[in-house]
Amino acid sequence: MSAISAFDLARLQFAFTVSFHILFPTITIGLASYLAVLEALWIARREQAYLQLYHFWSKIFAVNFGMGVVSGLVMAYEFGTNWSGFSRFAGGVTGPLLTYEVLTAFFLEAGFLGVMLFGWNKVGPGLHMFATAMVALGTLISTTWILSSNSWMQTPQGYLIENGRIVPTDWLAVIFNPSFPFRLVHMTLAAYLSTALFVASAAAWHLLRGKSTPAVRKMFSMALWLLLFVAPIQIVAGDAHGLNTLEHQPAKIAAIEGHWENDPSQTSLPLIAFGIPDMKAEQTKYAIEIPYLGSLILTHTLHGKIPGLKEFAQEDRPDSTIIFFTFRLMVGLGLAMALLGVAGAFFRWKGRLYDSKPLLVFALCMGPSGLIALLAGWLTTEIGRQPWVVYGLLRTKDAVSDHSVLSLSVTLVVFVVIYFFVFGTGIIFMLKMVGSGPDEYGTEKSPQDANQIRRPARPLSATPDNIDPAPERETEEV
């Protein structure tokens, strides 16, 4: 077995940091839209449960948002330190796209986040609703720019190569590259599903413990409604994304399917439900095949076929041993999400949505499944792009910086220790907040003290008028 190289360590370090980071923006995207819906419903209906849920989840949103910002800062530096070849070659495209994300989405989120979190009693309901909506919009704009940059790396267009560097020639073509619409829809829906599963799991936890308040019931009901409708849409979006990938990255699809070559004796392509791909032997061992299903899923016909991995040069083949399983994990969890949505509809029809223990346990166990499926999907698409960092233009081995094994080993260990300590602590704190459940606030406007309403936000304005008043003493006659 060969020793691990600096190239492998650089890939592992970036994979670790980006995998850790993506968990937080995913929940941020979903919770921001969820908060906007909750506030709109409270304004329209004035039901106390919506207000309680808003303040409950806004606290969790704030913690999650902070961890997402901090964990993402490291990645920007890694582009320059560990992947200088990539920055030198493709910085003319990725640099401006990431700058646009900061100038539009991040500034929009940061500008209205303070009003959303701390301005409830300092601005009117209309302006506060607007602030919440702008934060939600900011998260979606951020998703758009990030997905545009990453999608361009998968399906580059709108450029020229001059002096060994990418020069953009058509920004609309760069931004709206062939895979961008499919990946944007797929990622956004994944964020909503991950958040819905997180919310449903939190509600199921409280319902199982006997805390069946109106707020808890509402968040469980809303989450299961979203799963019922969005999970099937995500399956359709994923299918469209797969067809797009087959058109532009056929080697990735062949590796995902563990498909090496077309058998002339077969008129259709079977689906390999399970197997163990062997890159050296160029075969998928112990394959369990389902006739015709591969053709039906991949080409939407009964007799269609796709290129096998043997049709591509060995140096251009993705590693099927990993993405074969990550893809199936993602699909399996996606089907389980759809099943949870259907189960919720069934027990809702039976009038047992909030007291069916099997349903509640199922929802509780599915809590992390959205994030696990998301990570599996990203591993599939990023490892499937290999050996290219910019597909067909720049190989990953040519994008890495010249660092020693020692330096990358030390920094990787430091990252692992710090990330698990800092963000692990944050996650535990956030889960404890979730476990506390929505408070039963007495005031209809906010959970803050009624005396704080409309108090001006000046320094020391929260200080009581009478500080440490002197005790009254009885006067003595001398």
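# The model is predicted: local features need pLDDT of at least 70, side-chain atom pairs count only at pLDDT 80 or more, and totals for chains, interfaces and linings use all residues. Residues are numbered from 1 along each chain as its sequence is written, and side-chain values use heavy atoms, with hydrogens and water left out.

**Overall architecture**

- The protein has 14 helices and 6 strands; helices (H or I, at least four residues) and strands (E, at least two) are DSSP runs, numbered from the N terminus.
- Along the principal axes, the C-alpha atoms fill a box of roughly 115 × 60 × 45 Å.
- Of the 478 residues in the protein, 47% are buried; buried means under 20% relative accessible area, exposed over 50%, and partly exposed in between, using a 1.4 Å probe and protein chains only.
- Among contacts between residues at least 6 apart in sequence, 79% join residues at least 24 apart, where contact means heavy atoms within 4.5 Å.

- Helix α12 is largely enclosed by the rest of the structure, because 13 of its 17 residues are buried.
- The 29 residues of α6 should span 42 Å at 1.5 Å a residue, and the end C-alpha atoms of α6 are 42 Å apart, which agrees.
- Since 23 of the 29 residues of α6 are buried, α6 is also largely enclosed by the rest of the structure.
- Gly-210 follows α6 and has a positive phi, near 90°.
- Ser-142 is found in helix α4 (residues 125-154) and is buried, with a relative accessible area of 13%.
- Leaving aside residues up to four places away in sequence, Ser-142 touches Glu-101, Ala-105 and Glu-109.

- Strands β3 and β4 (residues 283-290) run antiparallel and are joined by 6 bridges; two strands pair if DSSP finds at least two bridges between them.
- The bridge partner of Pro-277 is Thr-284, in β4.
- The hairpin has 4 residues between its strands, and Glu-282 takes a positive phi near 55° there.
- Tyr-286 lies in strand β4 and has a phi near 55°, a positive value in a residue other than glycine.
- Tyr-286 is exposed, with a relative accessible area of 63%.

**Loop features**

- His-300 lies in the loop between α9 and α10 and has a positive phi of about 60° although it is not a glycine.
- His-300 is partly exposed, with a relative accessible area of 44%.
- The peptide bond from Gln-386 to Pro-387 is cis, with omega near 10°, and Pro-387 is placed in the loop between α12 and β5 (388-390).

**The cavity**

- The structure holds 1 cavity of 30 Å³ or more. On a 1 Å grid over the protein atoms alone, a cavity is a set of points where a 1.4 Å probe fits but cannot get out, and a pocket is an open set with protein on both sides within 12 Å along at least five of seven lines; lining residues have an atom within 4 Å of a point.
- The largest cavity contains about 40 Å³ of space; grid points are joined across faces, edges and corners, and a volume is the space filled by probe spheres set on the points.
- Residues lining the largest cavity include Gln-154, Arg-183, His-241, Lys-252 and Thr-381.
- Helix α7 (residues 214-248) gives the most to this lining, with 4 residues.
- The lining of the largest cavity divides into no nonpolar, 9 polar and 2 charged residues; Ala, Val, Leu, Ile, Met, Phe, Trp, Tyr, Cys and Pro count as nonpolar, Asp, Glu, Lys and Arg as charged, and the others, Gly among them, as polar.

**The second largest pocket**

- The second largest pocket has a volume of about 1,100 Å³.
- Its lining has 41 residues, of which His-186, Gly-238, Phe-327, Met-330 and Val-331 lie nearest the centre of the pocket.
- Elements that each supply at least two residues of this lining include α6, α7, β3, α10 and α12, and α7 gives the most, with 9 residues.
- The lining of the second largest pocket divides into 23 nonpolar, 13 polar and 5 charged residues.

Terms used. The expected span of a helix is 1.5 Å times one less than its number of residues.
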